[in-house]
Amino acid sequence: MNHDTAAQLDAADPLAHFRDRFVGATSDLVYFDGNSLGRPVAAAAGRLTEFVEQEWGGRLIRGWDERWMDLPTTLGDDLGRVVLGAAPGQTAIGDSTTVWLYKLMRAAVDHALRTDPARTEIVIDTDNFPTDRYVAEGIAAERGLTLRWIEVDTSAGVTADQLREAVGEQTALVVLTHVAYRSAWLADGPELTRIAHEAGALVLWDLCHSAGSVEVDLDGWDADLAVGCSYKYLNGGPGSPAFGYVNARLQEELTQPIQGWMGHADPFLMGPGYTPARGIRRFISGTPPILGMVAMQTMLELVEEAGIGAIRAKSVALTSYAVEVADATLPEVTLASPRDPAQRGGHVTLHHDRMREVTARLWERDVIPDYRDPGGLRIGLSPLSTSFDEVERGMAAVAEALAHPVSGSGR
């Protein structure tokens, strides 16, 4: 192969020192699943202990008045500034991705039906993440709407031409993923948003596979709505809370459908009727998961220290190296992700009919990718915790597993 060695690339990596700040990152285990669950930041353990002993244990219920009540929006502002390209007052933390998707999809289509009853369609692609599709199907059934499906190549994603053909006077909402979960196709955020707006529709962006690894500029795109999780590249831990973004120009126009006490203008009034809070707070429903935000705070500090631009550059270098090694050592494998790194997010998917078997065998060897149909081995490379040496060792294990099929499995 005509490329720099992994050792040379690691030596030249300006972010290499961040690896030491993650639990287990310098072990022999190869972790190719950082786009599903990020490694824990080592400092999170101390922060969690301090929280339990001092804030929870020491302040008890006083913590709500002192800090916790505002944490969904103050941490949301930090996330917006560091990762999302969002001005303050537009992002809140809490709930799960599914709940945020429901709240914001439903708010968007209800707004469309109030202001223009002819807008009865939700546009979404056939390879969007299953939850996004399931929630859209449920809302369409609830509200008597139609789903207009964009058929996409599973090795790519929604293009401008495809979206332009799908939207029109009946479109209420367009649901798009910034980085496709299967292929890593990186959608053109500003262009696709512009096309939807020209058709008079709102757009909801799913940022689960981009927040923390790819530069996002929600305000610059003039995005309407966005949702994302915090356990992938934001390393918040299993089940850590999701986030929602609502552009300031829409906050007083949309009515969120899950009206909980935390979104009330005066949560402790406990009155007979619901009066929504002003701004992004009205999109909060129930009591926020404070413990789940602690680790996320720690990772956001690392992201800000490294800079999202430098993180994206490292991500491009890692995925490009993985593709280069695959081209040289895996002749039977095809790339099921965009070859151009400018069109690719933070992971790479390799296709072979035996990849389900290969994935299971790799896990037994402490090489941890994941599998996605059809025949896709997905390699998720979290920029701050992954080295080029780790990529090389993992790809060598993939080659070995493919070269030695289980007896009777065939090729």
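Before colouring by charge, note the bookkeeping: Lys and Arg count as positive, Asp and Glu as negative, with His and the chain ends not counted. Each charge is placed at NZ of Lys, CZ of Arg, CG of Asp or CD of Glu. Select those atoms in the protein chain and you get 35 positive and 57 negative side chains, with the centres of the two sets 3 Å apart.

A word on provenance: this is a predicted model, where local features need pLDDT of at least 70, side-chain atom pairs count only at pLDDT 80 or more, and totals for chains, interfaces and linings use all residues. Residues are numbered from 1 along each chain as its sequence is written, and side-chain values use heavy atoms, leaving out hydrogens and water.

Now zoom out to the C-alpha trace, which spans about 65 × 55 × 40 Å along its principal axes. Switch to cartoon: the protein chain shows 13 helices and 13 strands (DSSP runs numbered from the N terminus, helices being H or I with at least four residues, strands E with at least two). Of its 411 residues, 55% are buried, meaning under 20% relative accessible area with a 1.4 Å probe, protein chains only.

Next, select residues 347–351, strand β10. Four of its five residues are buried, so β10 is largely enclosed by the rest of the structure. What pairs with β10 over five bridges? Strand β13 (residues 376–380) does, in the antiparallel sense; pairing takes at least two DSSP bridges between strands. Pick His347 and you'll find Gly380 of β13 opposite.

Note on methods. Buried < 20%, exposed > 50% of the residue type's maximum accessible area, 1.4 Å probe, protein only.
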